[in-house]
Each structure stands twice: as C-alpha cells, then as structure tokens.
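Here are a few notes to read alongside the model. Have the 3D view open and click through the residues as you go.

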Amino acid sequence: VLLGIFIAGLILGFRDTAADVAGASAKAVLFGKSSLKPARDWVQSGFDTLNAKNTKAYNILQESGVSDREAWKFVNDLRKVSDDNKEDKISSADLKRKFIQESNIPAEAKAKIYDLMLAGEKETNLMSEAPEKDKAELAKVFMEMKDWADSEDEGKTAEKRNALAGSKISGETKAKVYYDMFAGDAEKKFIEDHSGIEESGELINTMIRMKNAKKTETTSESEEKRKAIAESDLSGETKLDLYRELVAGDSDKELVDDLKKEGVDGDEAMNFIIDMKKAEALSGDEKTNAKIRALERSGFQGNTKYDVYKDKYASESEAKLMNRMSGKDRNKITDTLIKFKKAENLSKEESKDEKIRVIIDSGLSETAMIELYLAKMVSGDDAKETARNNIAEAKSAGISFTDYLKFKSKVDKASGTNKKTMIVSWIAASGGSPYQKDIMYLLAGYKESTLDDTPWHGGKLKAPKLPSPGKVKAPQRKTGILPLPKK
C-alpha cells in the first residue's frame with residue numbers, strides 16, 4: 001500500500017497538501033488513477049494533451065509556486081478561451097488577455113505567460129531587455145495598452161501613452177518603451193541625447209503630457225506643451241533643452257541659446273518664456289504691458305536683461321541707442337527704457353512729465369541722458385538738430401542738461417495771456433548768472449532785442465509775484481554754478 005501511495009504521487013505529480021496526496025494516492029490504489037478528478041478532466045477533454053506553449057505555461061506556474069492543481073486548472077481554462085463570442089466580436093487573444101489580467105496568479109507568472117502567448121515581437125524584445133524588477137509591471141502596461149487599443153474612445157492613443165506614464169517601471173525602461181512605441185524622430189533624438197540621465201522617467205512622463213496636449217477654449221496646443229514642461233519636476237537645464245528641441249521656433253531657439261549662454265537658471269528662463277508667449281498672444285497696449293511685466297518678473301539682471309530687452313523688446317531706434325551705451329550707462333539703460341514704455345500708458349501730458357522724470361532720475365551720464373531724450377522724445381531730423389543745438393548752447397552757458405530739461409518742460413506747458421510773465425519769473429528766480437538767464441530767455445523763444453526789458457537787466461518787464469505752488473511749480477533746484485559774465 002505504501003508503495004502504491006508513493007507511485008501514485010509520482011505518477012500524478014500534483015503538489016498538494018500531505019493529506020490530499022495521501023487521500024488521492026489511496027483512492028488511486030483502490031480504484032485506479034482514472035478515479036481522480038484531474039484524470040477525469042483529462043478523459044472528458046478527449047485525452048487531449050498540452051501543446052508546447054501550454055506545457056511551458058504550466059511549468060511557469062509551477063516555478064512561481066502555484067499548486068499543480070491550480071496550475072492545471074489555469075492552463076486548461078485558458079485553453080478553452082476562444083473567439084466564439086460573436087455578439088461582442090471579442091477575439092480569442094483579447095479574451096485570453098482578459099483572463100490573464102483577472103486571474104489570481106502571481107504578477108511575475110502573468111508577465112511570463114503574456115510574453116509567451118500574446119506579446120508581439122516588439123513587446124517581447126522590450127521585455128527581454130527590461131531588468132527583472134520591471135518585467136511584471138511592463139507586461140501589465142502592455143496589457144492595459146491593448147485594452148485601450150480595442151476601445152472606440154477617440155483619445156485611446158493618448159490613454160495608451162498614459163498607461164506608460166502612470167506605471168511604476170524604471171525610467172530607463174520607460175524611455176525604451178516610449179522610444180520604440182510612440183516617439184517621433186525629434187523625440188527619439190532627444191531621448192538618445194539624454195540617455196542615462198537620472199530623471200529619464202520624469203522626462204518621458206513630460207514628453208507624454210506634451211504629446212497628449214490639445215488646444216482648449218482658452219489655450220493653444222503650444223501653450224499646453226510649454227505648461228507641461230514648466231510644471232514638470234525636470235531640472236531647469238533639461239526643461240530648456242526640451243522646449244528648444246520640441247516646441248520652440250527659430251527665434252525662440254536663439255533666445256534659449258542666449259539665456260543658457262548667460263547662465264540663467266532654467267526654471268526662471270522657462271517661466272519668462274511662458275509669460276512672453278502669453279503676452280505675444282495679446283495685442284496693442286495690453287500686449288506691451290504684459291511683455292514688460294514678463295521681463296520685470298523674470299529676475300534677469302545686467303547683461304542678460306540688456307540682451308533680452310534689445311532682442312525682444314527694443315524698437316530699431318532703441319536698439320541703436322542701446323548699442324551706443326557703455327560702462328554704467330549700459331547697465332542702467334534697460335531699466336530706463338522699461339520705465340519709458342510704462343509711461344506710455346499714461347495720458348499724453350502725464351506721459352511726457354513721467355518720461356522727463358525718468359530721464360532725470362535714471363542715473364545715466366549726461367551724454368547718455370541727452371541721447372535718450374533725443375531718441376525717445378524728439379521726432380524728426382530737423383527737430384533733433386534744433387534740440388541738440390539748444391542743449392549745446394545751454395551747456396556752453398554752464399546750464400546742466402537736467403536743468404535745461406526741467407525749464408523746457410515748464411516752457412512747453414505754459415499757456416495763456418500770462419505765459420511770458422510766468423516764464424520770465426521762473427528765469428529770474430533760477431539763481432543763475434545774468435548770462436545764463438539770457439540764454440534761458442532766448443531758448444524760451446524770445447528775441448534777443450527784448451533782453452533789456454527783463455528784470456535782471458533792470459528793464460520794465462518786472463518779475464511779478466510767483467504764482468502759488470498749486471498752479472505752477474518753481475524750479476526744484478538752482479544750477480549750482482558760478483555766475484558767468486554777460487557777453
């Protein structure tokens with residue numbers, strides 16, 4: 001009897017519990033092997049034998065620790081799956097895949113059986129190259145992808161990519177799968193150039209989000225792609241590279257190259273690019289203001305700010321002006337021009353006053369201030385020539401450009417029947433020498449023949465009491481120079 005039990009165990013081979021084996025062995029000895037359920041199942045199946053793949057699947061399950069009885073049941077049930085389901089038009093392969101997915105066998109066994117029975121050549125190659133730790137998860141991803149492939153959902157291709165993005169496989173394996181199954185030529189080159197980086201998994205997740213990007217009611221497809229890059233956990237340098245190679249146009253590629261050359265932080269650069277692109281979608285003053293805000297928020301300093309403004313903001317005349325700046329003037333001109341652009345949002349009169357204030361407070365050298373004034377506040381070649389001569393004449397009398405500018409601003413705004421009286425009173429109170437006052441009087445547009453009528457020459461044109469500060473402001477400061485003799 002003991003010999004019979006031992007032989008039955010060897011013949012049947014099922015690795016059940018000791019009690020099960022003993023019971024089954026006794027039954028086999030008393031009534032024959034065909035009295036056991038596995039044997040009856042085999043008889044009822046027409047004495048069918050397992051083919052090579054089924055046998056291998058059975059062995060995979062055994063090696064994974066599945067009991068012989070459960071392994072046999074799994075393989076036998078899997079064999080019965082067919083494409084008889086005419087109503088739903090589900091193929092045999094789909095039914096088998098669903099069966100594997102929904103089974104309770106170990107994940108490693110699922111992966112091996114899927115690879116054995118259902119995987120395509122590309123999937124098999126990828127699974128063979130994947131490290132052991134990734135194989136089970138990778139098979140799960142492939143099966144989810146095939147679930148979406150059978151879907152009628154319009155976004156099924158995006159969902160296939162999302163299955164990869166949401167997986168737990170390593171970055172290196174994820175990159176290989178995306179490269180082989182989804183990437184276009186530009187993406188493949190980018191992956192090749194960035195192979196082996198620690199953030200390869202995040203890189204592929206970002207590329208998938210970019211690939212899935214679509215136009216919305218409020219944003220363009222390109223904007224969604226830029227947003228995907230900016231919101232990723234990639235390093236700033238990789239973000240810039242990704243934007244340059246897969247999104248940017250030629251002009252933006254030059255901008256990225258310049259920012260990288262300047263050593264600008266990648267995150268700061270990307271945030272600036274996003275703000276700039278949003279601004280460029282606007283028009284008129286709204287566009288100008290948004291572009292200015294983008295540059296102010298960027299945190300760029302020095303040469304970087306100078307270069308970006310000149311390349312992306314400056315008019316032709318501004319660019320020429322910036323090229324003439326050197327030393328400290330080069331460092332200050334950008335902020336000054338930005339303030340000028342902001343002043344353009346004010347009313348005409350307020351804008352002019354603000355621009356004069358900006359010039360005076362700019363910290364630029366006098367030569368640079370004059371160049372700025374002529375470039376931005378005087379129109380036409382003849383007018384520029386006249387202004388330049390007037391400035392030179394004032395300077396020859398020892399009148400600084402800022403004092404000339406303040407005085408000219410007052411003259412330009414003066415009006416009414418008391419205009420000349422007001423101007424003469426300002427000149428008389430200026431604190432300059434008689435010669436300087438003469439020059440200011442002439443620069444205000446009055447004839448040299450009337451100079452003797454002025455109060456500083458004892459003429460009949462007496463300086464009246466100055467108007468109240470609320471109406472007309474007297475000059476804020478004196479020239480601070482020694483009196484020059486009258487010519």
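1. First, a term you'll need: a cavity here is a set of grid points where a 1.4 Å probe fits but cannot get out. Its volume is the space filled by probe spheres set on those points. Keep in mind that you're looking at a predicted model.

2. With that in hand, how many cavities of 30 Å³ or more does the structure hold? There are 2. I'd like you to look at the second largest cavity, which has about 30 Å³ of space.

3. Asp-252, Leu-255, Ile-273, Met-276, Lys-277, Glu-280 and Lys-312 line the second largest cavity. Two helices, α16 (250–261) and α17 (266–280), are the elements that each give two or more residues to this lining. The largest share is from α17, with 4 residues.

4. What classes of residue make up that lining? Sorted by class, you get 4 charged residues, 3 nonpolar ones and no polar ones.

5. Next, hop over to a helix pair. Packed helices are described by the angle between their axes and the distance between those axes. For α25 (residues 401–413) and α26 (residues 419–428), the axes come within 10 Å and cross at roughly 165°. Angles over 145 degrees count as roughly antiparallel, so α25 is roughly antiparallel to α26. Their crossing is right-handed.

6. Which residues meet between these two helices? From α25 come Phe-407, Lys-410 and Val-411, and they meet Lys-419, Ile-423, Trp-426 and Ile-427 of α26. By class, this contact has 5 nonpolar and 2 charged residues, with no polar ones.

Technical notes: Residues are numbered from 1 along each chain as its sequence is written. This is a predicted model: local features need pLDDT of at least 70, side-chain atom pairs count only at pLDDT 80 or more; totals for chains, interfaces and linings use all residues. Side-chain values use heavy atoms; hydrogens and water are left out. On a 1 Å grid over the protein atoms alone, a cavity is a set of points where a 1.4 Å probe fits but cannot get out, and a pocket is an open set with protein on both sides within 12 Å along at least five of seven lines; lining residues have an atom within 4 Å of a point. Ala, Val, Leu, Ile, Met, Phe, Trp, Tyr, Cys and Pro count as nonpolar, Asp, Glu, Lys and Arg as charged, and the others, Gly among them, as polar. Axes are lines fitted to C-alpha atoms, for helices over the stretch in contact, and angles run from 0 to 180 degrees between N-to-C directions. Angles under 35 degrees count as roughly parallel, over 145 as roughly antiparallel, 65 to 115 as roughly perpendicular and the rest as oblique. A crossing is left-handed if the near helix is turned anticlockwise from the far one by less than a right angle, and right-handed if clockwise. Contact means heavy atoms within 4.5 Å.
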